[in-house]
Amino acid sequence: MSVAATPDERLLVPDRPSYLGAGASLRSWFGATDHKRIAILYAVTITIFFFLGGAAITLVRLELFTPQADVVTADTYNRLFTFHGIVMVWFFMVPAIPATLGNFLLPLMIGARDVAFPRLNLFSWYLAILGGAFTVATLILGGVDTGWTFYTPFSTMFSNSHVFAAAFGVFAVGFSSIATGVNFIATVHLLRAPGLTWFRLPLFVWSLYATSLVMVLATPVLAVSLLLVMAERVLHLPIFDPAHGGDPLLFQHLFWFYSHPAVYIMVLPAMGVVSEVITCFARRRVFGYTFMVYALVSIAGIGFFVWGHHMFVSGMSPFAGLVFSFLSFVVAVPSAIKVFNWTATLYRGQISFEAPMLYALGFLGLFTMGGLTGLFLASIPIDVHVTDTYFVVAHFHYIMVGGTVSAYFAGLHFWWPKITGRLYPEGWARFAAILMFFGFNLTFFPQFILGYLGMPRRYHVYPPEFQVWNVMSSSGATVLAAAYALPFGYLLWSLIWGRRAPNNPWDATGLEWRTASPPPPHNFDQQPRIDVGPYDYHPEAVAPAPDQRPRRRQGEDA
Amino acid sequence: MSAFFVPVSASTQAATTDRLFLLLLVLSGVILLLVFSLVAVFAVRYRRGSSAPRGAMPAILSREFEIGWTAATLFVFLFLFWWASSAQVAALIPPAGALEIHVVAKQWMWKTQHPEGPREINELHVPADTPVRLLMTSEDVIHSFFVPAFRIKKDVLPGRYTETWFQATKPGVYHLLCAEYCGTDHARMEGRVVVMPAQDYARWLGARPEADGLAREGARLFVSRGCAGCHAPGSRVRAPRLAGLFGSTVPLSDGRRAVVDEAYIRDSILQPERDIAAGYDPIMPSFRGVLGDGEIVALTAYIRSLAAPEGRPAAEAAAPPGLAPGPPEGRSPAMEPGRALEGTPPAGGSP
């Protein structure tokens, strides 16, 4: 903890009741309506799913060490990558930041007592559990082999696996994310503390707001498309079956109309987290706050009109392809602006490199690479060659794992003292952050080359000339697995043996740091009033001095 | 078969794609280097407590900066779009007179058929330096025809035709892979594309026992499946005549117009009630379940051959020199537009 804090902030008030101390019975947890407890429920759930999805892909990478089939059969392999995809996308990535960090922090950051609909919040967790139960049941019954994309007519008429149960699981968890979205939108609109105007909101709150809009508007389309898949599979309604005049391409349009915006559901909150972390550890106001807000909102908006870039070779009209290609280039602009602004935020800062900052800088590098390779995929002639190959696999892992998972870890470390009241071991955390960065690149960079060489995705066996790069990728995966196991170990350790955390260990400006660590059940003892923007670390015209204390913190009296 | 970093380049499209890829690689390398070095320089120079001067923030306003780099980024991206799309638009339409090969995909094999008749499984022999147009359909799920060395890929769908084309530049043997996940043996749905010099290809073709025209097979089917009963010239049933039909635009009974192409003919055979040609009664039965995909392909080729200029079958016109299926007198009368067919009432013989 290199950031100085005043003695009164370091003082811990042990007799103060925290949300963690408000009962230990099963009922006090599973019937909790406190957003902080629900966030913990979500965190435990997604951690379990993260390791389940990780276990599946470990077997896949093990199989790919050699060109021949030697670990699992083709059918098992197909079930493994499908399980990995479904679990990681819907049960880890989509809820990762919004439902855990977002749930915990949104009311704290806007000075509210809870979210707008606390019971709906709990209900949405139960929906996620219901969906998760179906997905795990699918696995126990023998798995599903359609890929996470459920393409028709394979999923509706040809697959001999448990498509219905898997689709229903995803259908249920979809409603969970709609409920969360509705809840967050209402919370931001109705429960901001007095004086907390829209343009005084922290960027993390803005990102959650934009994400919630996408969740509410896009997820119903996913629900509809899965419903149609279930209807055709079980009731034999002719919807996608060309033999009855149906259209298999229709499913792809519906599916990607959700699943492309879903990428932004996963990455927008990550951008929010990184904005909080970089400003705090650079002791700088964020560069171009209003542009950052507009960029978030325009990514969320334009993101609805680029789904066709998943379908350039699908048989869609080539003219539609050109339009989608154009819009895909356009949607990359606001992301580029954000990268430039984060970089500019470092300028003339007082930068320190605690673990959250290392994770955030890792995000910056990996997200930039993921975004740039997105330009390759937006160019139709290149996409024709590399779509459905490992190039695409590498690209979206750079965005979703390199980007979102790095940011999730940045946020988890940054707010760990606030959430648990304990400090994590800094040395271990920095080591894990660096290991994760290198492990990630070793795993996924070779896949760009594999993809350009022409190795298709979802291949159980492959031509032998691809082996070198696959061995490299699988070796990287072992490093990455170790890097993910580390935080699991030391964060659990810190829950019991970690040092007690002060209220504001990073000397940050956000409202969430004005209350106790861990916060009391009602969040704030008195209603905070805000008359200042979110990142007032230094006077506007003067760069921060070496021992600069924040000029004004949100919720602090002038 | 492929190099270490870049796959073998064996088609005209491969050269275009690689050029574009290289451009993007250099450009993103520059952007990446810019971002990484700025972050690195700032991280070192402005680390906490460093002696680098901070002082008053520079007078340049963030607004000007933001507008500047938003405009610059947009400009670069639009340039990329223009470059990539113009390459794409140019490659959209196959050159006239391309060799036409039919591809039928099924779990988990590729079936290909040459215009002269030879069929192959999981193999495709093509002449070098000749444009080849692929007309593809699937018998079950969605597959994707992918030849990395040619940088081409196109999904193959059930119930409709998709097409793509290439012009191979280098004789050799290349991977043919399925790129759209299609079930258990997706990874084993592989074949090879053999590119041969034109003379070798002609020799290979001539040596195939089934080197009989696709259109000729279609002509046989036209009779044996009963199409001729209504559609042959001189039939008493009032049905559209097919000579010269292919490639033309026909008015439909509901006022729309349709271009007669492979997809239209397929639909007319399988779903005849959908697009009724103007002036005819909807009396044709559906041939769904009666005709296989291969048979529809052959019938289409036959109908197409009836559209060739000066009464010469298209199959002959499209074939590379020296590969025509024999002199006209040795050919089936079915291939001559206007000639009567065996087994049907002779033209003009009706009462």
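Colleague: How many helices and strands does chain A have, and what makes a stretch count as one or the other?

Modeller: Chain A has 16 helices and zero strands. A helix is a DSSP run of H or I with at least four residues, a strand is a run of E with at least two, and numbering goes from the N terminus. This is a predicted model, in which local features need pLDDT of at least 70 and side-chain atom pairs count only at pLDDT 80 or more, while totals for chains, interfaces and linings use all residues. Residues are numbered from 1 along each chain as its sequence is written, and chains are lettered from A and ligands numbered from 1 in the order in which they are written.

Colleague: Why is chain A said to be as compact as a globular protein of that length?

Modeller: The globule rule is 2.2 Å times the number of residues to the power 0.38, and the radius of gyration is taken over C-alpha atoms. For 558 residues the rule gives 24 Å and chain A comes to 23 Å, so chain A is as compact as a globular protein of that length. Its C-alpha atoms fill a box of roughly 70 × 45 × 45 Å along the principal axes.

Colleague: What makes α3(A) and α5(A) roughly parallel?

Modeller: Helix α3 (residues 35–63) and helix α5 (residues 118–141) of chain A pack at about 15°, with their axes 10 Å apart. Angles run from 0 to 180 degrees between N-to-C directions, and axes are lines fitted to C-alpha atoms over the stretch in contact. Under 35 degrees counts as roughly parallel, over 145 as roughly antiparallel, 65 to 115 as roughly perpendicular and the rest as oblique. The pair is therefore roughly parallel. Among the residues making the contact are A:Tyr42 and A:Phe49 of α3(A) and A:Trp125 and A:Gly132 of α5(A); residues are in contact if their C-beta atoms, placed from the backbone, lie within 7 Å.

Colleague: How do you know whether A:Phe150 is buried or exposed?

Modeller: A residue is buried if 20 or more other C-beta atoms lie within 10 Å of its own, exposed if 12 or fewer, and partly exposed in between, with C-beta atoms placed from the backbone. A:Phe150 has 25 such neighbours, so it counts as buried. A:Phe150 lies in the loop between α5 and α6 of chain A.

Colleague: And why is A:Gly143 called partly exposed?

Modeller: A:Gly143 has 18 C-beta neighbours inside 10 Å, so it falls in the partly exposed class. A:Gly143 is also in the loop between α5 and α6, and it touches residues including A:Arg79 and A:His162.

Colleague: What makes the backbone at A:Phe150 and at A:Pro153 worth a look?

Modeller: Most residues other than glycine have a negative phi, and most peptide bonds are trans. A:Phe150 has a positive phi, near 50°. A cis peptide bond joins A:Thr152 and A:Pro153, with omega about -5°, and A:Pro153 is in the loop between α5 and α6 too.

Colleague: Where else in chain A is there a positive phi in a residue other than glycine, and what is its burial class?

Modeller: Phi of A:Asp388 is near 60°. A:Asp388 has 23 other C-beta atoms within 10 Å, so it is buried. A:Asp388 lies in the loop between α13 and α14 (390–420).

Colleague: Which helix gives the most to the side of chain A that touches chain B?

Modeller: The contact takes 71 residues from chain A and 71 residues from chain B. On the chain A side, α11(A) gives the most, with 13 residues.

Conventions. Contact = placed C-beta atoms within 7 Å. Lists of a residue's contacts leave out its neighbours within four places in sequence.
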